[in-house]
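Dear colleague,

I am handing over the structure below, with a few notes on what was found in it. Please keep the structure open while you read.

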Amino acid sequence: MYSEKVKERRKKQYLENYFPAYLAFILVYPFHLEDLEGEFWKWISDYEGFYQISNYGRVKSFKNGKVKILKPKCHIKGYLQVNLYKYGILKTLKIHRLVAETFISNPENKSEVNHKFGMKLDSYYENLEWTTSVENNQHAVNTGLMPTGVNRSTSKLEKGDVKFIRKFYSSSIPEYSINSLAKKFNVSPSAIYNVIHRKTYKNID
């Protein structure tokens, strides 16, 4: 469970950054049934006969004999999501992951979906790729999507941070030394040392 401080920080970030962008996005969202240029559709796995998704990330409902485009909602982290119902059971699913699972092969069985160009509201399939947690976090750092150093608003390491530290730590590469990683994640060098030597976060592989 997240602390109240973390919850408040995320809520503030959502209201300041993501929600205004979502409101602007939804004003021009294509709810018409006509296909967009180059758009094609497939049934969503486990929802055949109920919902289709397109390579643009639009979701089409066929429930109760009525065909319509569903309105996406905005997750607190800025991702688009949609509510799907089947036999009275509701599931809220992220649209970019549905697009990846439907249109993008994943031969290495990677677990996360990354927005290549950093645009979370853009679920077009060419904007997405399968990644590992480490690759996803590195991409976020490289593109400036993940704050580092003094700009990071919390010193608590998350699962992806821990995996990144253990994967890339190197005493021979200054960029990935203990001191550099400490600055990157805004924690003490001892915290990084403990992560590397599995004295903390022992439950994370």
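F40 counts as partly exposed, because its relative accessibility is 36%, whereas F103 is buried, at a relative accessible area of 16%, which falls under the 20% limit. Please bear in mind that this is a predicted model.

How are the rings of F40 and F103 arranged? Their centres are 5.4 Å apart and their planes stand at 80 degrees, so the pair is edge-to-face. The pair links distant parts of the chain, since F40 belongs to the loop between α1 and β1 (41-43) and F103 to helix α2, 63 residues apart. Both residues also belong to one aromatic cluster, which they form with Y56, Y124 and Y125, and the structure as a whole holds 16 aromatic pairs.

F40 and F103 turn up again around I53, which, leaving aside its neighbours within four places in sequence, is in contact with a list of residues that also includes W41, I44, V59, I95 and L98. I53 is itself among the residues with the most contacts inside the largest nonpolar core, which has 28 residues. Two or more residues of this core come from each of α1 (4-27), β2 (51-54), β6 (80-86), α2 (95-103) and β9 (128-131), and α2 gives the most, with five residues. There is also a second, separate core of 14 residues, including V134, I165, L181 and I204.

Finally, two lysines are placed over tyrosine rings: K86 lies over the face of Y47, at 5.7 Å from the ring centre, and the charged end of K120 sits over the ring of Y79, 4.7 Å from its centre.

With best wishes

Conventions: Residues are numbered from 1 along each chain as its sequence is written. This is a predicted model: local features need pLDDT of at least 70, side-chain atom pairs count only at pLDDT 80 or more; totals for chains, interfaces and linings use all residues. Side-chain values use heavy atoms; hydrogens and water are left out. A nonpolar core is a set of buried Ala, Val, Leu, Ile, Met, Phe, Trp, Tyr and Cys residues joined through side-chain atoms within 4.5 Å. Buried means under 20% relative accessible area, exposed over 50%, partly exposed in between (1.4 Å probe, protein chains only). Helices (H or I, at least four residues) and strands (E, at least two) are DSSP runs, numbered from the N terminus. Contact means heavy atoms within 4.5 Å. Rings of Phe, Tyr and Trp (its six-membered ring) pair if their centres lie within 6.5 Å; planes under 30 degrees apart count as stacked, over 60 as edge-to-face and the rest as tilted. A charge sits over a ring if NZ of Lys or CZ of Arg is within 6 Å of the ring centre and within 35 degrees of the ring normal.
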